[in-house]
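Student: Could you walk me through reading this model, one feature at a time?
Tutor: Gladly; let's look at it together.

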Amino acid sequence: MTENVDTTLAPKKVGAPQSFLSRVFESRQLGWVALGIALLAPFVIATPYALNVMTTAAIFVLLASGLNIVVGYCGLLDLGYIAFMAVGAYTSGIIAKAFELPLVFTIPAVLVMTVLAGLIIGAPTLRLRSDYLAIVTLGFGEITRITANNLTITGGPSGIFGIPGLFEVGDFDSQEPAVFYYITVLVVAAFVLAAARLGKSRLGRAWRFVREDEDAAEAMGIHTYKVKLLAYIFGAIWGGFGGILFAAHLSAVSPQSFIFLQSALVLMAVVLGGMGNMRGVVIGALVISLLPELLRDLSDYRYLAFGLLLVVVMVFRPQGFWPARGYEPERRKMEKLDPALKGAS
Amino acid sequence: MSAVLEVKDLQIAFGGVKAVDGLSFEARENEIIAVIGPNGAGKTSAFNCITGFYKPTGGAISLNGKDITGKRPADIAAAGISRTFQNLRLFPDLTVLDNVRAGMHLYGGQNWADAIFHTPRFKRSEAHYTDEAHRWLDFVGYTGPRGVPIRNLAYGQQKQVEIARALARKSGVLLLDEPAAGLNYTEKQGLLSLCRRIRDLGTAIVLIEHDMGLVMELSERIVVMNFGHEIAEGTPAEVKANPAVIEAYLGKDEEVES
C-alpha cells in the first residue's frame, strides 16, 4: 500500500463542486454508508413482502450497474439488455434442475454462456452506431425471449420452476428470505464496486474515449472493436449474475420476466440516475424499482404518478439525478509552477 | 539520418475524384517537414491515408522499413505514428489529464483484474499515467487547469492538450494537421519553439500548415501539393523560387514571401 503514489498526487480538489450536497455525494465513504443502510434495512422492516421488494430492488441495481458499463461508460445503446439476464437465469436454472445442483455450482457455466452471448451480440454490431445499434440489440432481446418461449429445454411459455436454492450447508438455508436478502446485497455490492473500479481504470478510460470520439481513440492506438467487445462481455456477465440471483430468488424462470419493458426499465434506471456515474445509477435503479411499490397507495393511479415523476425528473435534471462529472485533483501548486514556467519559456 | 516514414506514390480516389495522386516523400528522425498546398490539394486526405483512416487505392507507406499500407488506425498508431486533427478531436467531457492519458493507452501496465482488485500493480500504473500526463502537459507549456472537462477550455489550450496527447503516444513520427490554425501571434511563437523541442526528442514531424511564415521558418523540407499531385519538393528557399509553386498559389506569391 505504501506504493500508492496517490498520496503525493492527491491534493485538494480545485474546481470541484463545493456545495455541501456535492461534497456528500463525492465522498469516498458514501458507498459504505449505502451498504450500511442496505444491511440495516431489515431491522426497520422485515415483513416477507418488504424483503421480497428489497431483494428485487438489489437485483435490479446489479442489472443497472451492468448496463451502465455498456451504455454509460462505452456509449453503446443497448435496448435488449434483459436478454443477458435471461441467459444467466435459464442457464443456471436448467443446469441446477437437471443435475440437482445448488445454483452456485452453475456459475462457471453461466460465465461461459453470458460471455458467449456478449460476443454474439457484440461482434456483429461493432461497426454500428447509435440508432442502428439500438435496433439490433432490441432484436436480440426479443429473439432471446421468443426462443425461450418456444424451446422445450426452457419449458416453453410456462418456463422452469422448482429451481434449487443458491446453496445448502447443514441447517443453513440460503433461501430463507432474510438470509437471501443479505447474500444478494453483498453480491450486488461487490459487483457495483467492481464496475465502478473498472470505470476508473485504463479499460474504463478506453471505454469513455470510444464513447466520446471513436476515431480519435483509434488514432491513439486503442483498438475500438476489442474495447467495445469487452464492454459487452462485462455487461453480459453482470446481467448473467443478475439472472442467477433472479432464478434463486423466485425459484422459477419464465419468458414473461424478460419482456422489452424490463430492458427499458433498466435503461431508464441508468439514464435517470446519470449515465456513466455508478453512484447515480444505483440511486436511479432504487428509484425505478422501489417507487412503484411506495406509490401502491395510489392503487390504479400509481403508474400514472410514476410516469409523471419520471417526466418531471427529466425536465429538471436532463442529465439524470447525478450525472458523471469530469473532475479530478489538480497537481499541487508548488509542483505545478516550476516545470510549467520552464515549458512556457 | 535514416528515413522513418516513407511514402511512395500514394494514391486515393473517392469515386472518380483522385484526391491524392502520386505523393511521395520521406521523413527522417529529428526533422520537420511541411506539406503545403491550396485548399483541397489533398493534404489531409494524405494524412488520413498514412494514419489508416482511409485505405489508399495505390502506393505504399512504410514505417521503419515495415509496410503499414492499409492497416487499421489503431495498429498504425501502435506501430509508431501519432497525429493531431485539423478540427480538434479531443474527448470533450473528459478532464484534461484523461485526454492526455488517452495517448498512453498502449503503455499497458494493468489489466481488468488489477483494476477490480486494486492491486499494487494497478496503483503503480495509475500513478505512472498521472505523472506522465503532467509531464507532457508541462512539456507543451500548458498552464491551464488540468482536472476539469476540456470543453470548458480556451481553443489555444485545447490545441496544446491535443499535441500533448499525441506526444504521450511516444511515437517516432508526429503528424500535425494545421497546428497553427486559429492561434494568435504569441501562441504561434510558442508552437514554433514547441515543434523544435519535439524535434529535439528525435521525433520526425510532418505538418500541414497554411501559415507560410511559420512553415518557412520551421521546416527543413517542404512538399507542395496541388489537385492531388505533388508539384514540388525542396528546402524553403527552393520551394519559394519554384515557378510551379507560385503558379499554384495564383498571385498569392506576396503571401508566400511574407
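Student: Which residues touch the most other members of the largest nonpolar core?
Tutor: In this predicted model, that core holds 173 residues, and Val61(A) and Ala164(B) touch the most other members. H4(A) supplies the largest share of the core, with 15 residues.

Student: What does Val61(A) touch, leaving out residues up to four places away in sequence?
Tutor: Val61(A) is in contact with Val188(A), Val192(A), Val282(A), Ala285(A) and Leu286(A).

Student: How should I describe two packed helices?
Tutor: The description uses the angle between their axes and the distance between the axes. Here, take helix H4 (residues 48–73) and helix H12 (residues 260–273), both of chain A: they pack at an angle of about 70°, and their axes are 9 Å apart. Because angles of 65 to 115 degrees count as roughly perpendicular, H4(A) is roughly perpendicular to H12(A).

Student: Which residues of H4(A) and H12(A) meet?
Tutor: On the H4(A) side they are Phe60(A), Leu63(A), Ala64(A), Leu67(A), Asn68(A), Val71(A) and Gly72(A). Their partners in H12(A) are Val266(A), Leu267(A), Ala269(A) and Val270(A). By class, this contact has 9 nonpolar residues, 2 polar and no charged.

Student: Now the contact between the chains. How many residues does each chain give?
Tutor: Chain A gives 39 residues and chain B gives 44. On the side of chain A that touches chain B, 18 residues are nonpolar, 8 polar and 13 charged.

Student: Which element gives the most to that side of chain A?
Tutor: H9(A) does, with 7 residues. Other elements giving two or more residues include helix H8 (177–199) and helix H15 (333–344) of chain A.

Student: Is H9(A) mostly covered or mostly exposed?
Tutor: Mostly covered: 11 of its 11 residues are buried. Among them are Trp207(A) and Phe209(A), and also Arg205(A) and Glu212(A).

Student: What covers the buried residues of H9(A)?
Tutor: The cover draws on both chains: it includes H4, H8, H10 and helix H11 (224–250) of chain A, together with helix H3 (96–101) and helix H4 (112–117) of chain B.

Student: How many bridges join E1(B) and E4(B)?
Tutor: Strand E1 (residues 3–14) and strand E4 (residues 58–63) of chain B pair over 5 bridges, in the antiparallel sense. To find your place there, look for Val7(B), which stands opposite Ile61(B) in E4(B).

Conventions:
Residues are numbered from 1 along each chain as its sequence is written. Chains are lettered from A and ligands numbered from 1 in the order in which they are written. This is a predicted model: local features need pLDDT of at least 70, side-chain atom pairs count only at pLDDT 80 or more; totals for chains, interfaces and linings use all residues. Axes are lines fitted to C-alpha atoms, for helices over the stretch in contact, and angles run from 0 to 180 degrees between N-to-C directions. Helices (H or I, at least four residues) and strands (E, at least two) are DSSP runs, numbered from the N terminus. Angles under 35 degrees count as roughly parallel, over 145 as roughly antiparallel, 65 to 115 as roughly perpendicular and the rest as oblique. Two residues are in contact if their C-beta atoms, placed from the backbone, lie within 7 Å. Ala, Val, Leu, Ile, Met, Phe, Trp, Tyr, Cys and Pro count as nonpolar, Asp, Glu, Lys and Arg as charged, and the others, Gly among them, as polar. Two strands pair if DSSP finds at least two bridges between them. A nonpolar core is a set of buried Ala, Val, Leu, Ile, Met, Phe, Trp, Tyr and Cys residues joined through C-beta atoms within 7 Å. A residue is buried if 20 or more other C-beta atoms lie within 10 Å of its own, exposed if 12 or fewer, and partly exposed in between; C-beta atoms are placed from the backbone.
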